[in-house]
Each structure stands twice: as C-alpha cells, then as structure tokens.
Protein chains: 2
Amino acid sequence: MDFQQLTLERASCRSYEDKAVEKTALDTILQAAAYSPSACNSQPWKFVACTDDMAKQLAPLMVVEGLSINKWANQASAFIVICETKAKLMGGLDKDSQYYAFSDIGGTAATIQYAASDLGLGSCILGSFQEKAVHDLLGIPADVKIRLIISIGYPKSDGIRPKSRKDMAEVISYNAW
Amino acid sequence: MDFQQLTLERASCRSYEDKAVEKTALDTILQAAAYSPSACNSQPWKFVACTDDMAKQLAPLMVVEGLSINKWANQASAFIVICETKAKLMGGLDKDSQYYAFSDIGGTAATIQYAASDLGLGSCILGSFQEKAVHDLLGIPADVKIRLIISIGYPKSDGIRPKSRKDMAEVISYNAW
C-alpha cells in the first residue's frame, strides 16, 4: 500500500489474535529497521527479537509496579527489544557521540511499525518496562541501555482507528513560527 | 510502492534539481509527520516548513563554522524544521516529561523521509545547523529547541544507492543478546 495509507493504518495495537507471527515477517521488519536513517550512519542500535516461549517470558516484564498499563502485552506473539549501542559520529560535531542515538532509535521504532502494518500486523511501542529484568532475561550487557520495546502480532481489530491529533494549524506552519 | 521497497529507496539525498517542491506534496508529507507515533500521544513537536525565498535564506544556516558538511543544502527547494515542544505524559511514569520527545521526533524525521521518497522526492536529515540564527530567522521562541531539519527536493540522481550497513548478524538477534 502507498505510504500515505500506511500512516493512517499504523496505530498502537493493544489487542492481538492468538496466532504466531511468521519468522519471515519478523526478518522483513528487522531488515527495514536496520535500513533506517541514523546520524552519520552510526547505527547505534541492536534489535533483539523475542518469539515463542521467550515472548511469553518477556510479556509480564512490560508491566511496571504502580502502573496499570501494558497488561495486554501477554497477547503479543513477538517483541523487538531495541537497545542503544555506542555511536560513532564524524569529527568536529559539537555534540556528544550519543546525542542523536535516541532520535535514531525513534526512527527505527516508527519504521518497525510501518513495516509491520504493511504486512497486516499490529504493533505498539512500549517505553515502560522492567529494564533490569529484561536485561537479565535476554543477557543484555548491563552497560547497554534498553530504549524501546515493540510488541507485534496479528491485530484483533482490522478497522482503521481515526487519528486523534492536535489541530494541524497548531503543529504545522509555513515560513515562520 | 510497498514499504519494503520504500526502505530501499529512502536515503540521504544531497543533490537536487533546481525545481520547486509543490505545496500539495509538502502538505502530504507534513500530515504524515503529524500522524507519527509519540509517547502517550503527546506530539511534542512543531513543524515549520520553509519554501521559496525562506528556503534560500535558511540554506546557508545549515553550514556550521569549522565543518565542511551541508554546503549542498543550497540546492534544496524546501526544508522542514522540527522543533521540540512541551510533552505531557500520563501520570505515574518514572521519566521526565521530555524523556521520549527526541525519540518521537526521530520517528517524525524518518516518516518525513519515507513520505518524501513515496512522492519521488529526495530528503536528508540535518542535525547540525546554526541554531540561534535559525531561531531568529523563523521567529522560533528562544525556549523551543530545534531538533532536526529535513531538506527536501527533487533528487538529481534517481538510482537506488546500495545500503551501507553493519552486518545484520551484529545488529539483529533472536531470543537472546
């Protein structure tokens, strides 16, 4: 489908069918993520895909004490854990080498969502999770920051949810603030 | 085109035809950006599109003293300046309200690139520019951070450049680090 349609179809999906996502689909999504743009092509990321039993073990770690969100995560058949790795920028920039890393990772998260929607899959970006427990479960080195986790699965609803957004006039202007 | 193809076509374009980008195309790209995902749907952004004479005035501000990059920016017929605005997250999160903002903005930057490529346009994410001078030129409030600027135009080369990326085995794994 064309990209404009894809931006309408991409949404946070929090309700999934009990059906595994094929590895070929995940491979396609992961390649799209790795092809995302990054500052100085530094690619400051590693993607750990979790499927089957590992997805089942990961899901409860999306629920953080004191917050009622993310309990639906146990319905997702797969996750992609996005870790921030060391960035190497060109010399001469007045920014710390990791300055753009989270922005680059945000680009991969959006890319993963578009790639999933394009395959008829639902996804949701999770920013809140038990980071230490996820480190331990997946053997992620302690000095590697886990930035975002994306749930993926076959969506229960396949209708397009209308976008709830600020007025376009508030967020878009031409040639002046 | 399908999204997998779009991830191949999207690349940093640094050479443009002397041909204006239509406003309808920019409107389409800006709507795609505004439909991007954000933490708690906080939409911590404002997009200032620059065209015509304003694009000409903006282009030299992409060149920062001591760095030889971005001199090609004077070929771009349009720019989108992405500013970070106040985010409002749900209560109970253990993160500062602006924690996810740059990641969300990275998602809009990737989205803008995909939307541009889908329309046959080239684009490049610029992270280095004379921030104070851009503030002054566009009347952006001093307390608003300019995060990224995207150049847009008709690309001089329309071939697909092969992706230069780390080995997939280095950045992708399944079920363990």
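This is a predicted model: local features need pLDDT of at least 70, side-chain atom pairs count only at pLDDT 80 or more; totals for chains, interfaces and linings use all residues.

Trainee: Are the rings of F3(A) and Y114(B) stacked, edge-to-face or tilted?

Mentor: Planes under 30 degrees apart count as stacked and those over 60 as edge-to-face. The centres of F3(A) and Y114(B) are 5.8 Å apart and their planes stand at 55°, so the pair is tilted.

Trainee: What does the pair of F3(A) and Y114(B) join?

Mentor: Both F3(A) and Y114(B) are buried. F3(A) belongs to helix α1 (residues 3-9) of chain A and Y114(B) to helix α4 (residues 101-118) of chain B, so the pair joins two chains.

Trainee: How many residues apart in sequence are the parts that Y16(B) and W72(B) tie together?

Mentor: Y16(B) and W72(B) form a tilted pair, with 6.2 Å from centre to centre and 40° between the planes. Y16(B) lies in the loop between α1 (3-9) and α2 (23-34) of chain B, and W72(B) in the loop between α3 (52-58) and β2 (78-84) of chain B, so the parts tied together are apart in sequence by 56 residues.

Trainee: Over which ring does the charged end of R147(B) sit?

Mentor: A charge sits over a ring if CZ of Arg is within 6 Å of the ring centre and within 35 degrees of the ring normal. For R147(B) the distance to the centre is 4.0 Å, and the ring is that of F102(B).

Note on methods: Residues are numbered from 1 along each chain as its sequence is written. Chains are lettered from A and ligands numbered from 1 in the order in which they are written. Side-chain values use heavy atoms; hydrogens and water are left out. Rings of Phe, Tyr and Trp (its six-membered ring) pair if their centres lie within 6.5 Å; planes under 30 degrees apart count as stacked, over 60 as edge-to-face and the rest as tilted. Helices (H or I, at least four residues) and strands (E, at least two) are DSSP runs, numbered from the N terminus. Buried means under 20% relative accessible area, exposed over 50%, partly exposed in between (1.4 Å probe, protein chains only).
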